[in-house]
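Please read them with the sequence and the coordinates open.

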Amino acid sequence: MDNEEIIKYGKEIIQLQASAINSVSKFINDDFVKVVHAVNVSPGRLIIMGLGKSAIIGKKIVATLNSTGCPSLFIHVVEALHGDLGNVTKNDILLFISKSGNTEEYEKIIPIIKKMGNKIIAMTGNKDSYLFNNADYFLNTFIEKEACPNDLAPTTSTTAQLVIGDALAICILKLNGFSSSDFAKFHPAGTLGKKLTLKVHNIYNSFSRPIVNLDDGFEKIVLEISSKRMGATVVMDGESICGIITDGDIRRALKNNKSIYSCKASDLMSKKPKLIDENQLAFSALSIMKENNITQLVVIKNNKYNGVIHLHDILKEKIN
């Protein structure tokens, strides 16, 4: 295959996968609804079991469920047959993932699960399988063919499993009204955690509060911007916020106004600056900056001016 053929073939594979996902959408039906409700009202956990590539998909579905508030656990079927079945409690529901639904290991473990009294969900595309015929609930993941040219390597089938698993997790999330603040409880670390938890008051310097008054002159304005190193100064009238002057405003004024040295703050300021409460998320501050193409926000506390947050304050926390 030359480079052009590789590109063409790669695109065909993606189109085949996309087509499979679209066809799987018809299986979001009454069977799917029953599974969603069964898992949602269960006092126990959702235990997911699988073999081979289906086991890898099972681990990912468990990770998604746990991160969205649905307690779940993955147990490899072979390990379950060698002692890990002790992890299963009487209130747990078990979800078995398999393309064929006819593996030897499933035929060994499912009778044991049924004797224990646990409900079983079959995620398979084979309605003639042992797994389907011994399950209480069914998630259909039938696909016409694998993306593999030999129709052997699990590709499209595992994509279908993953998509149905994601649909299950997000439907349960919606049923429970799982919010971004709930999500933050389970993701306290890393960039995602900061995005959901880090607030303006955690990162801005409230002791560096650049201020000039309406009647202050050009020299005072430049000194305040330079000394506070925020790239801007807020213009006040008593305790009222009147405007903001940025270093960009100064550069533009120098270029366009020959009498700038006689200007006052009221002549140079931009009125109605963008404000943010210090208890708002830093990510919200970043969103406001991006939306308005600015690099500073005026921070308020109890509706009073308390400082300035700069774009660099946010970026150094690796929030973007």
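1. Basis. This is a predicted model, in which local features need pLDDT of at least 70 and side-chain atom pairs count only at pLDDT 80 or more, while totals for chains, interfaces and linings use all residues. Residues are numbered from 1 along each chain as its sequence is written, and side-chain values use heavy atoms, with hydrogens and water left out. Helices (H or I, at least four residues) and strands (E, at least two) are DSSP runs, numbered from the N terminus.

2. The open sheet. Five strands make up an open sheet in the order E2-E1-E3-E4-E5, and the pairing is parallel. Two strands count as paired if DSSP finds at least two bridges between them. Strand E2 (72-76) and strand E5 (137-140) are the edge strands, each pairing on one side only. From one strand to the next the twist averages 20 degrees; axes are lines fitted to C-alpha atoms, for helices over the stretch in contact, and angles run from 0 to 180 degrees between N-to-C directions.

3. The E1 and E2 pair. Strand E1 (residues 46-50) is joined to E2 by 5 bridges in the parallel sense. Isoleucine 47 has leucine 73 in E2 as its bridge partner.

4. Helix H5 on the sheet. H5 packs on the sheet and touches E1, E3 and strand E4 (120-124). Contact here means heavy atoms within 4.5 Å. The direction of H5 makes about 165 degrees with that of E3.

5. Helix H2. Helix H2 (residues 30-41) has 12 residues and spans 17 Å from its first C-alpha to its last, close to the expected 16 Å. The expected span is 1.5 Å times one less than the number of residues. Which residues of H2 are buried? They are Phe32, Val35, Val36, Ala38 and Val39. These residues lie on the same side of H2, because they cover an arc of only 165 degrees around the axis; the arc is that of the directions from the helix axis to the C-beta atoms. Buried means under 20% relative accessible area, exposed over 50%, and partly exposed in between (1.4 Å probe, protein chains only). Asp30 and Val41, on the other side of H2, are exposed. The partners of the buried residues are E1, E3, E4, E5 and helix H7 (156-175).

6. Aromatic pairs. The structure holds 3 aromatic pairs. Rings of Phe, Tyr and Trp (its six-membered ring) pair if their centres lie within 6.5 Å; planes under 30 degrees apart count as stacked, over 60 as edge-to-face and the rest as tilted. One of the pairs is phenylalanine 96 with tyrosine 106, whose ring centres are 5.1 Å apart and whose planes stand at 75 degrees, so this pair is edge-to-face. Phenylalanine 96 lies in strand E3 (residues 93-97) and tyrosine 106 in helix H5 (residues 104-116), so the pair ties together parts 10 residues apart in sequence. Phenylalanine 96 is buried at 0% relative accessibility, and tyrosine 106 is buried at 1%.

7. A second aromatic pair. Phenylalanine 218 and tyrosine 261 are also edge-to-face, with 5.1 Å centre to centre and 80 degrees between the planes. Phenylalanine 218 is in helix H11 (residues 218-228) and tyrosine 261 in the loop between helix H12 (247-256) and helix H13 (265-268), so the pair ties together parts 43 residues apart in sequence. Phenylalanine 218 is buried at 8% relative accessibility, whereas tyrosine 261 is exposed at 63%.

8. Strand E11 (residues 296-301) runs antiparallel to E12, with 6 bridges joining the two. Isoleucine 300 stands opposite tyrosine 305 in E12. Strand E12 (residues 304-310) has 6 of its 7 residues buried. The hairpin leaves 2 residues between the strands, and asparagine 302 in the turn has a positive phi of about 55 degrees. Asparagine 302 is exposed, with a relative accessible area of 63%.

9. Another positive phi. Most residues other than glycine have a negative phi. Arginine 229 has a positive phi near 55 degrees. Arginine 229 sits in the loop between H11 and strand E7 (232-237) and is exposed at 75% relative accessibility.

10. Lysine 290. Lysine 290 lies in helix H14 (residues 282-292) and is exposed at 55% relative accessibility. Its C-alpha atom is separated by 9.5 Å from that of leucine 311, 21 residues apart along the chain.
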